[in-house]
Amino acid sequence: MKKWTKNPWVLGIGTTVIGGVLLSLALDWINGVDWLSTISTVMRFILNAAIAFLNFKIKVWWLLIVIAVIVIALFIVAKISDVYSKDVTPTFLHYTKDNVLGFSWEWVYSKTYDGKYTISNLHPVCTKCGMRLKQGGSYGLGMKCLRCNTTKDWKDSFITDAQMLINDNIRKKYFDTQPNK
Ligand SMILES: [Zn+2]
């Protein structure tokens with residue numbers, strides 16, 4: 001037997017078609033054949049067709065299972081890639097230093113409970129040596145580098161202002177012009 005004849009579709013359709021032809025031939029010769037023989041032929045045909053159909057059904061079930069497995073696999077892959085894409089580090093996380101308000105600033109990002117990033121540990125650093133500046137001078141109104149011994153006028157509002165400016169830079173550079181990202 002050739003391979004293609006073992007194919008369930010070929011077997012199923014073949015059985016049905018050949019069975020149908022045989023039945024019509026049997027009906028043509030119905031007068032020449034005694035009733036019991038015809039009935040038994042019809043019964044046998046119905047039985048064969050039923051078996052072929054059941055066989056078919058099993059194969060279709062296999063096909064459905066394969067399709068279901070593929071769909072489930074695709075679903076899992078989609079879910080996993082979704083999780084990974086959520087874990088991808090946003091590009092703006094590399095932006096951790098800038099010059100605003102006449103000071104050099106450095107900061108890090110920390111993640112809030114809802115998964116958003118926020119600027120934290122924002123502080124001015126020395127423009128010459130990069131060391132973190134220390135608040136000091138008379139009435140704490142200066143920022144001093146302990147290494148270079150330079151002092152610069154300072155206002156406490158600078159921290160808030162700098163953070164606002166940096167957030168605005170992030171928005172403009174990394175999020176187009178969409179607000180509050
Ligand atoms: Zn310095």
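Which element gives the most residues to the lining of the second largest pocket? The answer is α1, with 6 residues.

## About the model

This is a predicted model, in which local features need pLDDT of at least 70, side-chain atom pairs count only at pLDDT 80 or more, and totals for chains, interfaces and linings use all residues. Residues are numbered from 1 along each chain as its sequence is written, and side-chain values use heavy atoms, with hydrogens and water left out.

## The second largest pocket

A pocket is an open set of points on a 1 Å grid over the protein atoms alone, where a 1.4 Å probe fits, with protein on both sides within 12 Å along at least five of seven lines; lining residues have an atom within 4 Å of a point. The lining here consists of G14, T15, I18, G19, L22, L23, T41, R44, F45 and N48. Two elements, α1 (8–28) and α2 (35–87), each give two or more residues to this lining. Helices (H or I, at least four residues) and strands (E, at least two) are DSSP runs, numbered from the N terminus.

## The zinc site

The SG atoms of C126, C129, C145 and C148 coordinate the zinc ion at 2.2 to 2.3 Å. Donors are N, O and S atoms within 2.8 Å of the metal (3.2 Å for Na, K and Ca). Along the chain, the donors follow the spacing C-x2-C-x15-C-x2-C. C129 lies in the loop between β3 (117–125) and β4 (134–136), and C145 in the loop between β5 (142–144) and β6 (151–153), so the pair ties together parts that are 16 residues apart in sequence.

C145 is buried, at 0% relative accessible area, whereas C129 is partly exposed, at 37%. Buried means under 20%, exposed over 50%, and partly exposed in between (1.4 Å probe, protein chains only).
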